[in-house]
Amino acid sequence: MRIRFLFFSLLLTLPAIAQRPAEDVLEGYFREGYELMQQQEFQKAFEKFDRNIRESGLRAENDYFALYFRAVCNYYLGNFKPAIDDLNLYIPRSPSSPQPFLLRATCYRQLGDEKGQLNDLNEALSKEPEGEEGFDPELFRWRAELYLNRTQYDSALTDIRRSLAIREEPATLAMLAFVQYGEGKYDSALMAVNKTIALDHTFLSSYEYGAMFCLQESDNDKALVYADLGLRIDDRQWR
């Protein structure tokens with residue numbers, strides 16, 4: 001997940017925090033934590049946000065921003081369940097923002113909770129603005145993977161096409177090939193494989209898929225071509 005989702009999601013709220021009266025000490029903990037987090041000093045940042053939360057008692061609405069950023073630190077420290085606990089408290093205070101849902105989905109991903117991932121991705125993507133600037137194609141591919149695991153192929157294909165409409169990437173094209181072959185569209189699947197190779201000839205999965213599809217169709221000569229090309233690329237990468 002790209003760092004922009006985690007670090008800079010609440011930048012626009014910082015001026016509001018600076019305007020809080022007579023809260024110099026708590027504000028100091030928050031700003032120190034924020035600066036440390038930007039420097040990727042997550043343990044030290046966690047300690048600042050944690051102190052802010054404990055001493056504020058979450059009495060004011062702005063105190064909950066520290067809760068969000070403590071969740072960010074917990075995520076990077078590998079403390080996924082505590083991060084989820086913080087987000088469970090924070091999200092009701094900011095239900096219109098997609099970023100907390102994305103962070104919680106990422107935590108669920110680390111814990112192998114596919115239902116949690118899908119629920120939060122659905123929430124986040126329902127709030128993200130339309131258009132190329134608002135959407136990250138990786139999010140659609142991520143959700144497509146979850147749909148594929150549930151054999152919801154139509155939903156997966158919709159998200160794959162959404163992702164490709166924003167930016168064509170080898171992994172997404174390879175996923176398209178996989179779904180198309182599963183639908184019995186052999187020629188379309190090979191076209192997607194070939195497009196993947198044209199986009200990035202070092203992406204090995206495209207050769208693996210091509211060879212596998214051809215073998216399944218007893219097109220052995222073509223399977224050997226894909227396998228041979230893939231082995232040559234693999235050999236070069238190991239040199």
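Predicted model: local features only at pLDDT ≥ 70, side-chain atom pairs only at ≥ 80, totals over all residues.
Residues are numbered from 1 along each chain as its sequence is written, and side-chain values use heavy atoms, with hydrogens and water left out.

The axes of H8 (residues 114–127) and H9 (residues 137–149) come within 10 Å and cross at roughly 140°, where axes are lines fitted to C-alpha atoms, for helices over the stretch in contact, and angles run from 0 to 180 degrees between N-to-C directions. This angle makes H8 oblique to H9, given that angles under 35 degrees count as roughly parallel, over 145 as roughly antiparallel, 65 to 115 as roughly perpendicular and the rest as oblique. On the H8 side the contact (heavy atoms within 4.5 Å) is made by Glu 114, Gln 117, Leu 118, Leu 121, Asn 122 and Leu 125, and on the H9 side by Leu 139, Phe 140, Trp 142, Arg 143, Leu 146, Tyr 147 and Asn 149.

Over the whole protein, the secondary structure comes to 14 helices and 0 strands, helices (H or I, at least four residues) and strands (E, at least two) being DSSP runs numbered from the N terminus. Of the 239 residues, 47% are buried, that is, under 20% relative accessible area, as against exposed at over 50% and partly exposed in between (1.4 Å probe, protein chains only). Among contacts with a separation of 6 or more, 53% are between residues 24 or more positions apart.

Helix H5 (residues 63–76) is largely enclosed by the rest of the structure, because 13 of its 14 residues are buried. Ala 71, which lies in H5, counts as buried at 0% relative accessibility; beyond its neighbours within four places in sequence, Ala 71 is in contact with Ala 83, Asp 86, Leu 87 and Leu 103. The C-alpha atoms of Ala 71 and Lys 81, residues 10 apart in sequence, are 9.5 Å apart in space. After H5 comes Gly 78, with a positive phi near 85°.

In helix H6 (residues 80–90), the buried residues include Phe 80, Ala 83, Ile 84, Asp 86, Leu 87 and Tyr 90. These residues cover an arc of only 160° around the axis, which puts them on the same side of H6, the arc being that of the directions from the helix axis to the C-beta atoms. Their cover includes H5 and helix H7 (98–111). H6 and H7 pack with their axes 9 Å apart, at an angle of about 155°, and are therefore roughly antiparallel to each other.
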